[in-house]
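Please read them beside the sequence and the structure shown here.

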Amino acid sequence: SSKAVFSAMQAGDSQAVWLMQGWLFLNSFWHLDRVRAYLSSVPNDRMVILDLTSEAAPQWTRTEAYFGKPFIWNTLHDYGGQQGLIGNLPKIHDGFASAL
């Protein structure tokens with residue numbers, strides 16, 4: 001559970017901040033009640049979430065902005081072997097702007 005993970009982190013560093021990849025929540029297992037329960041075990045100022053596929057499948061929009069956790073809007077330009085900086089620029093622009 002997230003509570004056990006965060007407790008272990010604090011045992012090693014009392015000022016620990018968990019930087020978590022938000023695409024964990026892409027899986028259908030993670031309905032809103034489960035996401036809320038998982039995230040609520042960690043104080044808001046002790047977790048930052050990377051919303052790694054914000055341009056394609058943003059999780060912040062379906063999780064009420066991660067229920068108050070700070071998050072970083074991301075796009076992965078080199079995911080899946082893609083080596084160029086390409087993509088749907090209007091979608092990236094609009095998605096980023098809506099997260100503000």
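1. In which helix is the place of Ala65? Ala65 belongs to helix 3, where helices are DSSP runs (H or I) of at least four residues and strands are runs (E) of at least two, numbered from the N terminus. This is a predicted model, in which local features need pLDDT of at least 70, side-chain atom pairs count only at pLDDT 80 or more, and totals for chains, interfaces and linings use all residues. Residues are numbered from 1 along each chain as its sequence is written, and side-chain values use heavy atoms, with hydrogens and water left out.

2. Most residues other than glycine have a negative phi. Ala65 is partly exposed, with a relative accessible area of 27%, whereas Tyr66 is buried at 0% relative accessibility. Here buried means under 20% relative accessible area, exposed means over 50%, and partly exposed lies in between (1.4 Å probe, protein chains only).

3. Strand 1 (residues 18-21) has alternating side chains.

4. Strand 1 runs parallel to strand 2 (residues 47-51), and four bridges join them; two strands pair if DSSP finds at least two bridges between them. Leu19 has Val48 as its bridge partner in strand 2, and Met20 stands opposite Ile49. Strand 2 also runs parallel to strand 3 (residues 71-73), to which three bridges join it. In that pairing, Leu50 stands opposite Ile72. Four of the five residues of strand 2 are buried.

5. A right-handed β-α-β unit is formed by strand 1, helix 2 (residues 32-40) and strand 2. Right-handed means that, with the strands pointing away from the viewer, the path from the first strand over the helix to the second runs clockwise.

6. Which residues of helix 2 are buried? They are Val35, Tyr38 and Leu39. Seen down the helix axis, these buried residues fall within an arc of 90°, so they line one face of helix 2; the arc is that of the directions from the helix axis to the C-beta atoms. The face turned away from the buried side carries the exposed residues Asp33 and Ser40. The cover over the buried residues of helix 2 includes helix 1 (2-12), strand 1, strand 2 and helix 3, contact being heavy atoms within 4.5 Å.

7. The largest nonpolar core has 16 residues; such a core is a set of buried Ala, Val, Leu, Ile, Met, Phe, Trp, Tyr and Cys residues joined through side-chain atoms within 4.5 Å. Trp18, Met20, Phe25, Tyr38, Leu39 and Met47 have the most contacts inside it. Strand 1, helix 2, strand 2 and helix 3 (64-67) each supply at least two residues of this core, and helix 2 gives the most, with three.

8. Not counting residues up to four places away in sequence, Met47 touches Val17, Trp18, Met20, Leu39, Val42, Lys69 and Pro70.
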